[in-house]
Amino acid sequence: MVIYPAIVHDGCIFAFEISKVFIGVPQICRFLRVLPDVDQIEKRRWFESGDIHIRFTYRGAAFIVSEPYGDNSRYWIGPSEEGCKVPACHLAAAFQGYSTSFFMKLIGFFS
C-alpha cells in the first residue's frame with residue numbers, strides 16, 4: 001500500500017494518509033489489532049456522525065483514523081492532538097507493507 005506522509009518533522013513521519021480504494025474501516029480495525037504497539041481500538045458507532053472513524057492508542061498516545069471533510073479519497077492517520085511527540089514511522093511502515101486481496105485490487109482497478 002502506498003502511504004502519503006502528512007506531517008514530517010526532522011525526517012520522521014508523525015501522520016500519514018492512505019488511499020481508501022483498497023481498504024475500508026473494518027479492514028483498518030482488523031489490521032490495527034495485530035500491531036504490537038496499538039491498543040484501545042474504538043470504531044465509530046453507526047449512529048455517531050463526524051470525520052473520525054477510529055480512535056486508538058499508539059505507543060501511549062491517542063491516535064485517530066479520519067476522513068477529512070467526510071468525503072475524501074484518503075484516510076488520515078495520526079495523533080488526535082497537536083504537539084504529539086510520538087512518531088508514527090513504524091505505524092506508517094506497517095501500513096506500507098499491508099497487502100490487500102486480489103479481489104479488492106481488481107475492484108480498485110475498475111473504479
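Guide: The largest nonpolar core has 26 residues, and F16, I18, I28, L32, F56, L91 and F95 touch the most other members. Such a core is a set of buried Ala, Val, Leu, Ile, Met, Phe, Trp, Tyr and Cys residues joined through side-chain atoms within 4.5 Å; buried means under 20% relative accessible area, exposed over 50%, and partly exposed in between (1.4 Å probe, protein chains only). This is a predicted model, where local features need pLDDT of at least 70, side-chain atom pairs count only at pLDDT 80 or more, and totals for chains, interfaces and linings use all residues. Residues are numbered from 1 along each chain as its sequence is written, and side-chain values use heavy atoms, leaving out hydrogens and water.

Two or more core residues come from each of β2 (12-19), α1 (25-33), β4 (52-58), β5 (61-66), β6 (74-79) and α2 (89-96); these are DSSP runs numbered from the N terminus (helices H or I, at least four residues; strands E, at least two). The largest share, five residues, belongs to α1.

Now look at F95: beyond its neighbours within four places in sequence, F95 is in contact (heavy atoms within 4.5 Å) with M1, I3, F16, I18, I28, F31, L32 and I77. In α2, L91, A92 and F95 are the buried residues. They line one face of the helix, because they fall within an arc of 100° seen down its axis, taking directions from the axis to the C-beta atoms.
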